[in-house]
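Good morning, colleagues. Please look at it with me now.

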Amino acid sequence: MQDTQTSPGNLTQFEYLALNSPLNLSDGHARQALTPSQTSIIDALPDLWADAVKRPVEEIEHDSHRAYFELLGQHSYPAADGRVLSCYSSSVAMEIFARSLATTTDAIGLVHPTFDNIPDILRGVGLRLVPVEEEQLHGGDLDPALLRSVGCLFVTTPNNPTGRVLSEERLRRLAAQCADHGVVLTLDTSFRGFDTRAHYDHYAVLEASGCRWVVIEDTGKLWPTLELKIGWLVSAANVGLPLAKVYSDILLGVSPLVLSMVRRFAEEAAGGGLAELHRFIAGNRATLREGLAGVPDVRFPDPDSRASVERLDVGPRTGLEVWSALREHNVFALPCHQFHWARPEEGAHSLRIALSRSAASVATATAALRTVLTR
Ligand SMILES: N=C(N)NC[C@@H](O)CC(=O)C(=O)O
């Protein structure tokens, strides 16, 4: 476990501090209770185990990613010819991508702000980072000078912590620009499960563009599966990166039991569980927003977000001050300065609250927040 006695160095180290607290609203992982139908899947794990022992792992793997990608509208994903690599987590997929990219370029354009383990992983392989503001990405064509200066453009969509989703038209334009400049377009879609606006067929758009592309999918944010999850690293046939080679440096494959569990959760979600999850998150978001209504200088900068996290501006206070005051109530949130990886001061006055928690936890944390913000 990380040394968290000193001031946390990155967002995940702030999240470590919360891991053993009953009111941990810090990390974006799913920690709410299983629904009854999800509980039935867990109860059936012994049967999934017996099935996984008998069947070829490639068959289990194919069934798993097909159920997950179809659930989220990604019907044109490249299910065949080894272009979907299963990893233990999306961060492992990210590391494999970063090591592969670093063999072909020394610079990458990265959305700003976003979760800091992404720039940290990219810097870790020696890449120079060029911040690309969210407004730029969503606004219109990027400056060709930017695209001439990098080997890759990396976009988190829905973004973390803003929840901002890249529209189909903007993805089409970005892919066309990347194709024109020979730049790899990489998407981190870890939060896509929460927002149906991110369920248009991204792979149809990417494949039609002809650009070199990589997508990192993450099952880990969606369901409370005790960190049993899959990060899928998906790529274009013409991506021109040694992804499979670097993958083989890191792992042979993932557990067929976890793959089978993900398939079952995706099937349950398709049968109504995903809509139920969306209602649950929306209810927690309403609890937070209504519970803080009228508090002076507090506002919610991402009114349109449907992600399982909510950012709030805390006015003249700093996010760190509020985070510290909340700890006195045994409540853990996440200060936002380090999402602004190029200019942390821009996030100094905001805080992020996780919404994939029990309704009671969100209500209790909201009351503690109101106490802290009105004293
Ligand atoms: N490998 C890392 N650092 N994992 C933490 C990450 O999953 C947390 C996250 O993405 C969020 O809290 O939004």
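**Backbone, strands, helices and cysteines**

Let me begin with aspartate 81, which lies in the loop between helix H4 (57-71) and strand S2 (84-87); helices (H or I, at least four residues) and strands (E, at least two) are DSSP runs, numbered from the N terminus. Aspartate 81 has a positive phi of about 45° although it is not a glycine. Aspartate 81 counts as exposed because its relative accessibility is 58%; buried means under 20% relative accessible area, exposed over 50%, and partly exposed in between (1.4 Å probe, protein chains only).

This is a predicted model, in which local features need pLDDT of at least 70 and side-chain atom pairs count only at pLDDT 80 or more, while totals for chains, interfaces and linings use all residues. Residues are numbered from 1 along each chain as its sequence is written, and side-chain values use heavy atoms, with hydrogens and water left out.

Asparagine 330, also not a glycine, has a positive phi of about 60°. Asparagine 330 sits in the loop between helix H13 (319-327) and strand S10 (331-332).

I turn to the cis peptide bonds. One joins histidine 112 and proline 113, with omega about 0°, and proline 113 belongs to the loop between strand S3 (107-112) and H6. Another runs from asparagine 160 to proline 161, with omega near 20°; proline 161 is in the loop between strand S5 (152-156) and helix H9 (168-181).

Next, strand S12 (residues 350-354). Because five of its five residues are buried, S12 is largely enclosed by the rest of the structure. Ser350, Arg352 and Ala354 are buried on one side, and Leu351 and Ile353 on the other. Strand S9 (residues 309-313) runs antiparallel to S12, joined by five bridges; two strands pair if DSSP finds at least two bridges between them. Arginine 311 has arginine 352 as its bridge partner in S12. Strand S11 (residues 334-335) also pairs with S12 in the antiparallel sense, over two bridges, and there proline 335 stands opposite leucine 351.

Cysteine 178 is buried, at 1% relative accessibility, and cysteine 211 is buried with a relative accessible area of 1%.
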